[in-house]
Amino acid sequence: MTTVDDRPTAEQVRTQQDIGSLNSPITSAGAATSEGGQELQPRSTMSQKAIMRESGSVLRMSESAAAALADVAADSQEDQTMIINMGPQHPSTHGVLRLMLELQGETVLRCKPIIGYLHTGMEKTGETLSFMQGGTNVTRMDYLSPLNNELVFSLATEKLLGIDGDVPERAQWMRMLLSELNRMSSHLLFMATNGMDLGAVSMMLYGWREREQVLRFFQKVTGLRMNHNFIRPGGVAADLPAGWRDDVLALLDMLPDRLAEYEVLMTGQPIWRERLQGVGVITQSEAIALAATGPILRSTGLAFDLRKDLPYLNYNEVEFDVVVGVHGDAYDRYAIRLQEIRESMRIVRQVLDKMPSGNYRIQNKKVTPPPRGRIDESMEALIHHFKIFTEGFKVPEGEVYVAIESPRGEVGCYIVSDGSAVPYRMHVRAPSFVNVQCLPHMMRGGLVADAVAVISSIDPVLGEVDR
Amino acid sequence: MTPSRGQSVMFVAASDYLATITQLYSGGFTMCIDLTAVDYLMHEGRTLPADVVAQRFEVVVNLLSITSRQRMRVRVQVADGESLPTLFDIHPSTEAMEREVFDMFGIAFDGHPDLTRILMPEDWDGHPLRKDYSPGRIPVQFKGAAS
């Protein structure tokens with residue numbers, strides 16, 4: 001972890017912010033909107049409790065801090081604050097996130113994220129697609145880490161089928177390889193967008209360039225750059241292509257130098273540090289109360305990573321470190337993601353050493369379609385192939401929740417099956433959906449220019465926020 | 001406690017819901033990772049423990065204990081039109097999740113600070129993830145386009 005030791009801790013910063021908001025005169029905007037109940041309301045129409053919540057109290061703050069926030073609304077000078085919209089078409093909001101900000105000058109007093117602009121009913125769609133087809137749906141939720149979404153859906157389906165212990169080793173290691181490469185590509189894109197949001201535009205080009213190299217490997221393996229539908233219940237769709245090891249090694253040789261360039265361009269640069277350090281602070285207790293996961297939770301100093309703490313696949317057989325921060329600010333979240341790219345490279349190297357030979361999918365006729373060659377020879381194989389692609393396979397009745405560590409945090413899949421070939425209910429616990437709730441708490445008392453840095457440091461993907 | 005595929009599941013009556021979650025919270029389950037619901041309208045014959053009376057809806061809460069690295073799933077039966085107390089005071093993370101369940105299923109949470117629609121437009125009719133909500137038969141609703 002690259003951190004500066006003389007900086008105050010997250011708790012100290014938070015206390016300072018509370019004192020700051022106590023001293024500043026806060027007033028009512030009086031600008032009622034006609035859009036309805038989802039939006040940020042003027043203070044005059046709101047209860048004390050609602051104002052406290054919207055201005056960023058997690059209800060577990062100290063009595064004095066809570067009292068300070070409650071006092072804020074009592075003072076009601078007009079025309080000192082205004083409520084403005086940021087987004088949904090703002091370029092820094094990573095899609096169609098809309099924030100309503102209450103500003104006093106340049107200081108953000110309250111913030112309310114408004115989501116739903118990308119809601120396409122993917123969970124409803126999931127109730128009409130069979131377990132065979134479901135991967136095509138979930139892969140489009142978090143489109144920056146599609147393989148992790150496919151993985152969690154496949155793991156949940158396998159658990160319902162009771163075949164989670166029978167998936168071949170090669171398939172498990174291939175899934176780990178793809179999952180870690182996907183984490184790298186996602187974090188590389190974060191480097192690009194984070195740089196772009198803060199004005200380091202050349203970083204945007206570098207980040208996209210390196211990510212493209214990873215996506216090229218995905219294209220070679222899966223046929224697609226994104227939305228692969230490659231990890232499927234029972235294994236993966238195809239074996240690794242010839243020469244895959246050289247491609248991965250080329251990636252691993254290329255990246256360390258590039259990451260060192262990022263360090264020069266961003267980490268070592270005073271402007272970069274000034275923009276990020278102490279911005280968007282969240283404390284550990286707040287992060288836990290808000291169920292924030294992934295780099296946000298780890299930036300507060302809690303070393304919680306599902307790959308380490310609740311291992312899935314073969315993560316207990318590889319060595320890697322869980323990167324944690326100290327201050328819970330945007331800089332820590334940037335540094336954690338940068339370092340996690342290196343940790344993922346470490347895992348990928350071990351996967352290269354340990355990749356076994358064998359089947360890449362389970363040889364269970366119930367789940368796996370027959371190979372193409374068999375269809376020309378055997379009538380039964382043809383019928384079987386036809387049935388599995390038209391009707392899908394039946395999954396025993398039950399319900400299951402499986403969670404893995406995606407680049408953004410815990411992505412979970414809750415599936416209820418009624419014994420048919422289609423999930424009765426398919427719910428995805430999207431990390432961005434929950435993490436976006438941290439925004440009001442991170443933005444309280446900050447500057448509107450830092451709002452961009454805070455949104456960027458959450459790294460939300462609106463495809464999975466709205467689903 | 002009833003295990004389901006090796007996972008810990010608790011069935012809780014709606015009257016004991018808040019007390020159980022509070023008890024679990026003091027037992028270390030400090031993170032409410034997920035809160036969702038299922039509409040069992042078309043699947044009434046589902047397998048339930050003998051002492052649980054099946055209702056149309058089921059609210060499913062996934063809790064996580066960071067210290068003991070355990071998960072706990074709490075399932076609550078909710079009849080159509082009934083409501084549940086909010087978990088917001090124990091787990092502030094449920095704010096958006098309960099709003100989503102309200103939006104998608106129409107299950108109300110008493111005491112929730114801001115129980116409005118979250119994903120659908122605020123003037124939308126119906127709750128899309130209910131099993132009797134048929135997307136194909138409902139005319140497309142456009143906000144402000146009524147002539």
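Visitor: Why does A:Arg342 count as partly exposed?

Guide: A:Arg342 counts as partly exposed because it has 16 C-beta neighbours inside 10 Å. A residue is called buried if 20 or more other C-beta atoms lie within 10 Å of its own, exposed if 12 or fewer do, and partly exposed in between, with C-beta atoms placed from the backbone. Please note that this is a predicted model, in which local features need pLDDT of at least 70 and side-chain atom pairs count only at pLDDT 80 or more, while totals for chains, interfaces and linings use all residues. Residues are numbered from 1 along each chain as its sequence is written, and chains are lettered from A and ligands numbered from 1 in the order in which they are written.

Visitor: Which helix does A:Arg342 lie in?

Guide: A:Arg342 belongs to helix H14 of chain A, residues 330–354. Helices (H or I, at least four residues) and strands (E, at least two) are DSSP runs, numbered from the N terminus. The C-alpha atom of A:Arg342 is separated by 15 Å from that of A:Leu178, 164 residues apart along the chain.

Visitor: Let us turn to chain B. How many helices and strands are there in chain B?

Guide: Chain B has two helices and seven strands. Their order from the N terminus is β-β-α-β-β-β-β-α-β. Along the principal axes, the C-alpha atoms of chain B fill a box of roughly 60 × 35 × 25 Å. Chain B has 147 residues, of which 37% count as buried.

Visitor: What is the strand order in the open sheet of five strands?

Guide: In chain B, this open sheet has the order S1-S2-S5-S4-S3, with mixed pairing. Two strands pair if DSSP finds at least two bridges between them. S1 and S3 of chain B are the edge strands, each pairing on one side only. Neighbouring strands are turned by 30° against each other on average, direction ignored. For such angles, axes are lines fitted to C-alpha atoms, for helices over the stretch in contact, and values run from 0 to 180 degrees between N-to-C directions.

Visitor: Which helix packs on the sheet, touching S2, S4 and S5 of chain B?

Guide: That is helix H1 of chain B, residues 17–26, and its direction makes about 175° with that of S5(B). H2(B) lies across S3 and S4 of chain B, at about 5° to S3(B). Touching here means contact, that is, C-beta atoms, placed from the backbone, within 7 Å.

Visitor: And the pairing itself: how many bridges join S1 to S2 in chain B?

Guide: Three bridges join S1 (residues 2–4) to S2 (residues 7–12) of chain B, and the two strands run antiparallel. B:Thr2 stands opposite B:Val9 in S2(B). The hairpin of S1(B) and S2(B) has two residues between the strands, and B:Arg5 takes a positive phi near 50° there. S2(B) also pairs with S5 (residues 70–78) of chain B, in the parallel sense, over four bridges. Within S5(B), B:Arg75 stands opposite B:Phe11, and B:Val76 is the bridge partner of B:Val12.

Visitor: How many residues does the contact take from chain A and from chain B?

Guide: The contact takes 41 residues from chain A and 36 residues from chain B. On the side of chain B that touches chain A, strand S3 (31–39), strand S4 (57–65) and helix H2 (94–105) of chain B each supply at least two residues. S3(B) gives the largest share, six residues. The residues of this side of chain B divide into 15 nonpolar, ten polar and eleven charged. In this count Ala, Val, Leu, Ile, Met, Phe, Trp, Tyr, Cys and Pro are nonpolar, Asp, Glu, Lys and Arg are charged, and the others, Gly among them, are polar.

Visitor: Which residues have the most contacts inside the largest nonpolar core?

Guide: They are A:Val152, A:Leu439, A:Val454, B:Val59 and B:Leu63, in a core of 154 residues. A nonpolar core is a set of buried Ala, Val, Leu, Ile, Met, Phe, Trp, Tyr and Cys residues joined through C-beta atoms within 7 Å. Helix H7 (residues 169–197) of chain A supplies the largest share of this core, 14 residues.

Visitor: What does B:Leu63 touch?

Guide: Not counting residues up to four places away in sequence, B:Leu63 touches several residues, including B:Leu24, B:Phe29, B:Ile33 and B:Val74.

Notes
Contact = placed C-beta atoms within 7 Å.
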